[in-house]
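Trainee: Could you take me through one part of this model up close? I'd like to see how the pieces there sit next to each other, and then where the chains meet.

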2 protein chains.
Amino acid sequence: MNKTLMTDFYELTMAQTYFNNGKQDEEVVFDVFFRKNPFEGGYTVSAGLDNIIDYINNFKFGTEEINYLRSLGMFSEEFLNYLSNLKFTGSMWAIPDGTVVFPNEPIITVKAKVIEAQLIETALLANFNYASLVTTSTRRIINETKGIPVMEFGARRARGIDAAIEASKYAIIGGCASTSNTYAGMKYGLPVSGTMAHSLVTESESEYKAFLNYAKSNPENTVFLVDTYDTLRSGIPNAIRVAKDYLIPNGYKFKGIRIDSGDLAYLSKQARIMLDEAGFTDTAICVSNGLNEFTIKSILEEGAKINSIGLGDNITASKERIGGVYKLVGVVKNEVVEPRIKVSEDVIKTINPGFKVPYRFYDKETGYALGDVIALYDEEIEKDGYTLINEYHPEKRKVITNYIVRKLQVPVFEEGKQVYQIPSIMERKEYSAKEMETIYPEVKRLLNPHLYYVDLSKKLLELKRELILEHKKEANEAVRN
Amino acid sequence: MNKTLMTDFYELTMAQTYFNNGKQDEEVVFDVFFRKNPFEGGYTVSAGLDNIIDYINNFKFGTEEINYLRSLGMFSEEFLNYLSNLKFTGSMWAIPDGTVVFPNEPIITVKAKVIEAQLIETALLANFNYASLVTTSTRRIINETKGIPVMEFGARRARGIDAAIEASKYAIIGGCASTSNTYAGMKYGLPVSGTMAHSLVTESESEYKAFLNYAKSNPENTVFLVDTYDTLRSGIPNAIRVAKDYLIPNGYKFKGIRIDSGDLAYLSKQARIMLDEAGFTDTAICVSNGLNEFTIKSILEEGAKINSIGLGDNITASKERIGGVYKLVGVVKNEVVEPRIKVSEDVIKTINPGFKVPYRFYDKETGYALGDVIALYDEEIEKDGYTLINEYHPEKRKVITNYIVRKLQVPVFEEGKQVYQIPSIMERKEYSAKEMETIYPEVKRLLNPHLYYVDLSKKLLELKRELILEHKKEANEAVRN
């Protein structure tokens with residue numbers, strides 16, 4: 001299925017404009033970045049590069065697409081003919097999936113012919129925005145579970161079937177231990193998990209019988225859902241009875257119970273006592289029911305006895321969004337990238353101009369990330385003694401020393417050729433977990449996190465101010481004309 | 001692409017349990033319903049049936065699926081063999097897409113063999129939840145625009161590429177005039193729209209030149225984006241210049257301008273004055289920039305001069321969710337549906353038992369919907385003089401008269417055969433708009449809407465109370481044993 005046309009219609013009318021003006025070979029530079037961490041949080045975890053690479057590799061206007069565009073009566077045959085031969089021949093750099101990223105830094109930089117760069121915008125953003133949202137939502141939760149594994153159960157609440165499948169993958173990258181989504185398990189080789197729903201109990205003549213029948217059919221996977229009627233008075237006693245009547249006599253383990261409603265802190269503590277008293281000290285307690293990072297933190301502080309967590313909505317149907325944008329930052333003239341800017345009355349919406357590279361400075365001793373700097377592509381970064389300058393309060397400066405500096409982006413496409421191999425899902429998961437360890441706890445705090453420094457290099461800062469003033473001048477002249 | 005495995009893993013372990021207990025031919029009844037309108041609103045607009053029907057028609061475990069399940073080492077060959085021959089042979093009733101629906105009413109009712117009914121759960125919910133969310137989000141916005149057309153621009157903020165395509169369709173059903181998603185336009189035959197982004201302007205040597213080049217290449221589609229540098233001092237003057245220099249002399253129309261930042265109420269009023277003074281009284285003003293139903297209502301109250309609205313995030317990446325659930329409500333024993341219940345400490349989570357039918361009562365004079373009643377499938381509804389009984393305050397009663405009563409669900413599948421033809425997208429759009437007209441303005445109010453009545457029939461209410469008491473008794477006995 002060719003999804004090349006998954007592009008906003010204006011990309012095509014603009015492309016026709018560039019084409020008619022003979023600009024089809026003009027190279028430009030675009031950045032993908034976002035302006036705000038989701039959840040009023042201190043960080044974002046980037047993802048989506050896998051699907052972006054697929055989109056670009058499959059980017060091709062076939063006969064169906066060209067015929068459809070022709071049917072709209074808005075495009076010339078010359079332009080349609082040009083499109084039918086178009087492929088992506090540009091270059092792309094990106095911060096790898098699973099990296100902790102921050103507002104305003106270029107996550108993906110595209111340097112390509114203007115029409116190619118323009119047409120891929122929508123797919124780049126849709127993939128980046130969604131994937132990063134799921135990965136970030138998951139990571140915020142994982143950071144609060146104190147190592148208790150989280151199973152992703154959210155397919156039914158996801159944004160349709162296809163979004164569910166992608167969410168399962170990004171939830172794993174974000175730190176989940178398994179998914180309930182069997183299709184995603186098959187497609188991506190993810191660990192799948194799940195045992196029973198309330199319907200198994202309500203269908204049955206009794207809760208005891210439901211558990212017993214389930215145990216006989218799935219003896220290696222015995223996690224009983226105990227809250228259909230009454231968790232403490234019916235569910236747990238019945239689960240224990242089945243364990244004693246059937247599992248233990250037949251050499252099977254009583255793996256666990258799941259509580260899906262009620263006060264999970266209280267019920268899990270009571271459940272632990274009941275299971276321990278019955279001799280099932282190894283039987284795990286799983287909880288679920290609309291949990292999020294805040295409720296998890298809170299019930300764990302209350303001493304909830306939990307061995308695993310099932311989580312759906314707040315991973316696959318997070319009530320947030322990441323507003324990644326794709327902005328033109330430069331036009332290549334005589335082989336040099338001429339910086340471009342979009343100013344805005346809203347200062348924060350004025351973009352950072354030019355062909356740029358984001359760097360991260362790590363403390364050589366502790367390994368913690370000290371701050372990021374966005375520099376122009378041809379700048380040299382000092383090996384020691386770098387001065388961080390606050391963009392809006394340039395008198396606020398800080399000299400950092402004894403650091404290791406890392407270029408955050410890697411080359412992904414070079415002149416149309418993919419030069420980056422996406423690591424496996426499990427590799428990305430592991431990488432992302434390690435990434436989190438480099439971030440100060442203050443930045444990861446749920447409420448009022450510390451603002452991580454993302455500064456502009458002195459050179460970039462000066463360039464930005466220059467361009468803003470230039471445009472103010474032009475606007476004034478436009479009025480006078 | 002076979003998506004049959006888009007099912008939560010526990011559906012399969014439960015299915016194996018039913019199979020091993022010889023229950024594969026046992027029929028059950030499940031309901032899809034939700035407990036809360038999104039956005040603290042007064043209503044929801046149902047959708048997703050199209051994709052649900054597709055899923056069920058394509059439901060088939062092929063070789064790849066069976067091999068994958070076998071590889072997990074948890075399923076018997078007998079069960080896998082059973083799955084490989086499985087198709088959906090049950091019946092399904094559903095409230096048509098585009099209908100205004102309310103919490104707790106059965107949107108979809110499935111009567112099928114227990115394994116079939118169980119396995120389709122995840123896909124039913126993922127489709128219903130997402131589609132209804134987009135349709136409802138859109139409708140809430142459309143209800144506030146006073147007839148000003150809304151263009152859906154949200155592909156880049158959607159939950160990945162595939163969710164974007166579906167969102168475009170449901171946005172049209174919810175009332176949008178067009179979409180920017182070209183793929184969705186091609187796939188579903190939707191009107192597409194769009195003109196230019198800021199990059200067209202920043203790429204160019206000047207704003208004037210960008211507009212001029214655009215006009216020459218797309219002379220029939222001239223909506224200029226005027227806020228790249230300065231809306232009033234640069235953008236609008238340049239658009240007017242291009243209209244005077246090129247469009248008018250060459251016999252083309254100056255169709256419009258789009259303002260994408262700043263105070264849209266103020267800027268649109270100023271823009272109207274500037275355009276009118278320049279003689280372009282027919283030139284349209286389009287606004288965009290993260291608008292939602294509240295900001296639209298507010299800027300229109302402030303007298304904003306707007307001819308069309310572009311809207312993305314709040315349609316395709318709405319910060320809400322619909323939490324549709326799928327609950328077993330009955331088991332067929334000796335050809336009679338025996339009602340089942342799931343009780344909960346949280347009263348509102350106790351489900352309505354039994355095989356049910358939702359009805360809507362309309363005022364014969366005004367056409368307004370007076371209230372809904374959920375009744376058991378074999379109840380007769382009085383032709384006149386129906387007593388509505390409040391479930392939690394049964395002393396609160398209201399006798400309604402002079403009504404027309406409508407069965408909300410239609411048959412969709414009968415014994416595995418599809419018996420319902422989904423209306424076209426435009427038919428569903430029109431139907432949904434008419435549906436909205438039957439809802440009292442008080443129910444559509446954005447803040448603190450009037451609670452629409454959804455009551456249980458007297459018979460259902462009595463059944464529910466009986467079953468709750470019965471389960472309380474059982475739980476007590478379980479403790480004593």
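Mentor: Let's start with strand β6 of chain A, residues 150–152, which is joined to β7(A) by two bridges, the pair running parallel. Keep in mind that this is a predicted model. Within that pairing, look for Glu152(A): across from it, in β7(A), stands Thr179(A).

Next, the place where the chains meet. Chain A puts 111 residues into the contact, and chain B puts in 111 residues too. Together they bury about 9,500 Å², with 53% of that on carbon and sulfur atoms. There are charged links as well: 16 salt bridges are counted between chain B and chain A. One to find on screen is between the side chains of Arg156(A) and Glu11(B), at 3.6 Å from N to O. On chain B's side of the contact with chain A, helix α1 (residues 9–20) gives the most, with ten residues. Sort that side of chain B by class and you get 47 nonpolar, 36 polar and 28 charged residues. Finally, 54 residue pairs are in polar contact across the interface of the two chains, both residues being at pLDDT 80 or more.

Key: Residues are numbered from 1 along each chain as its sequence is written. Chains are lettered from A and ligands numbered from 1 in the order in which they are written. This is a predicted model: local features need pLDDT of at least 70, side-chain atom pairs count only at pLDDT 80 or more; totals for chains, interfaces and linings use all residues. Side-chain values use heavy atoms; hydrogens and water are left out. Contact means heavy atoms within 4.5 Å. Buried area is the accessible area (1.4 Å probe) that two parts lose on being put together, summed over both. A salt bridge is a side-chain nitrogen of Lys or Arg within 4 Å of a carboxyl oxygen of Asp or Glu. A polar contact is a pair of N or O atoms within 3.5 Å; within protein, one must be able to donate a hydrogen and the other to accept it, and residues adjacent in sequence count only if both atoms are side-chain atoms. Helices (H or I, at least four residues) and strands (E, at least two) are DSSP runs, numbered from the N terminus. Ala, Val, Leu, Ile, Met, Phe, Trp, Tyr, Cys and Pro count as nonpolar, Asp, Glu, Lys and Arg as charged, and the others, Gly among them, as polar. Two strands pair if DSSP finds at least two bridges between them.
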